[in-house]
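Work through the exercises below with the structure open beside you. Try each task before you read its solution.

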Amino acid sequence: MLQPLQLIQPTTVQEASQALADYGDKATFYAGGAELLLLMRNGLIDAEVLIDVKQIPRLHRVELIGDSLRIGACVTHHALATSALAHEHAASLAYAESQVANIRVRNQGTLGGNLAFNDPHSDPGTVLLIHDASVTIGNAKGERRLALDEFFVDMYATALEAGELLLEVTIPSLPAGMSSAYLRLHRYQRPTLGVAAAALFAEGIIAEARLAVGCIGPKALRLTELEGKLKGVTLSEAKRIVAEEKKYLRGLLQPVDDLLGGADYKLYMAGVMLGDALEQAS
């Protein structure tokens, strides 16, 4: 059972950062709590003070600035799954958000919390990679921006430093004419495998392709080397090339055996589903 906790509700990033500095290891940031509660119940975080960042207005914005969608860290999965802006400018992300766990988690959990936790079995990060998304991080001293693939360091590890808070996610629109798709394989609500693909075709030939895979290794990854091999080929040739790249995929993705499936099974399905996602995006 959890012990009684002190709750602090700052209204600015500076106040939140200062509160964390004041209480040190006794405190932790809290937004939706979907991931945090799991850690506390399993004794992996022993906090006495929760700094509730949901009172910071900036963290709830969903706005289009130029060609990029900016999403505050406290926007919930359900809000994104039902957002007209998300559907119009990042349709595959909106679909991925609609698949997160169950309606209770989608109403409670936030995009920022999901990315900051960096659970390998997660949906949004994989889609965001094909958009070349970036994150803005801040503390009392200032802000910095990182590409999402630099933010994801390893399993449950990110580039967040002590006292820093994930503020927002910037999602550039895909190039004109490029379509995308997100496919997932799941068991008991947790995704076993998630693949995202975006493709721009010209007269039946792939002019540009973007691919990402998540859930089967330590973190979600873009497949940039494989993307280069698909330029200038047809869809059927692309599906054959992807299916033949098991050695590349194994070395890059580092699939693991777990309760959701064996590494060889996940690797095989990654090849199949990448081809299917490309076809859906064609």
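The exercises cover a sheet, a hairpin, the nonpolar cores, an aromatic pair and some single residues, all in a predicted model.

**Exercise 1. Find the strand order of the three-stranded open sheet and state the sense of its pairing.**

Step 1. The order is 1-3-2, and the pairing is parallel.
Step 2. Identify the edges. Strand 1 (6–8) and strand 2 (27–30) each pair on one side only.
Step 3. Inspect one pairing. Three bridges link strand 1 to strand 3 (residues 49–52) in the parallel sense. Within strand 3, Leu 50 stands opposite Leu 7.

**Exercise 2. Describe how strand 4 joins strand 5, and examine the turn between them.**

Step 1. Strand 4 (residues 62–65) and strand 5 run antiparallel, joined by four bridges.
Step 2. Pick a bridge pair. Glu 63 has Arg 70 of strand 5 as its partner.
Step 3. Look at the connection. Two residues lie between the strands, which form a hairpin. Gly 66 sits in the turn and has a positive phi of about 65 degrees.

**Exercise 3. Locate the largest nonpolar core and say which element gives the most residues to it.**

Step 1. This core has 34 residues. Among those with the most contacts inside it are Leu 128, Leu 148 and Ile 171.
Step 2. List the contributors. The elements giving two or more residues include strand 5 (68–72), helix 5 (91–98), helix 7 (111–117), helix 8 (124–130) and strand 10 (165–172).
Step 3. Helix 8 gives the most, with four residues.
Step 4. Zoom in on Leu 148. Its contacts, leaving aside residues up to four places away in sequence, include Leu 115, Leu 128, Leu 129 and Val 135.
Step 5. Look for another core. A second, separate one has 31 residues, including Leu 193, Leu 211, Val 213 and Leu 253.
Step 6. Nonpolar side chains tend to be buried together in soluble globular proteins.

**Exercise 4. Classify the ring pair of Phe 151 and Phe 152.**

Step 1. The whole structure holds two aromatic pairs.
Step 2. In the pair of Phe 151 and Phe 152, the ring centres are 6.1 Å apart and the planes stand at 50 degrees, so the pair is tilted.
Step 3. Check the burial. Phe 151 and Phe 152 are both buried.

**Exercise 5. Which values does phi take in Asp 132 and Tyr 156, and where do these residues lie?**

Step 1. Asp 132 has a phi near 55 degrees, a positive value in a residue other than glycine. Asp 132 lies in the loop between helix 8 and strand 6.
Step 2. For Tyr 156, phi is near 60 degrees, also positive. The loop between strand 8 (152–154) and strand 9 (157–158) holds Tyr 156.
Step 3. Asp 132 has a relative accessible area of 44%, so Asp 132 is partly exposed. Tyr 156, at 43%, also counts as partly exposed.

Technical notes: Residues are numbered from 1 along each chain as its sequence is written. This is a predicted model: local features need pLDDT of at least 70, side-chain atom pairs count only at pLDDT 80 or more; totals for chains, interfaces and linings use all residues. Side-chain values use heavy atoms; hydrogens and water are left out. A nonpolar core is a set of buried Ala, Val, Leu, Ile, Met, Phe, Trp, Tyr and Cys residues joined through side-chain atoms within 4.5 Å. Buried means under 20% relative accessible area, exposed over 50%, partly exposed in between (1.4 Å probe, protein chains only). Contact means heavy atoms within 4.5 Å. Two strands pair if DSSP finds at least two bridges between them. Rings of Phe, Tyr and Trp (its six-membered ring) pair if their centres lie within 6.5 Å; planes under 30 degrees apart count as stacked, over 60 as edge-to-face and the rest as tilted.
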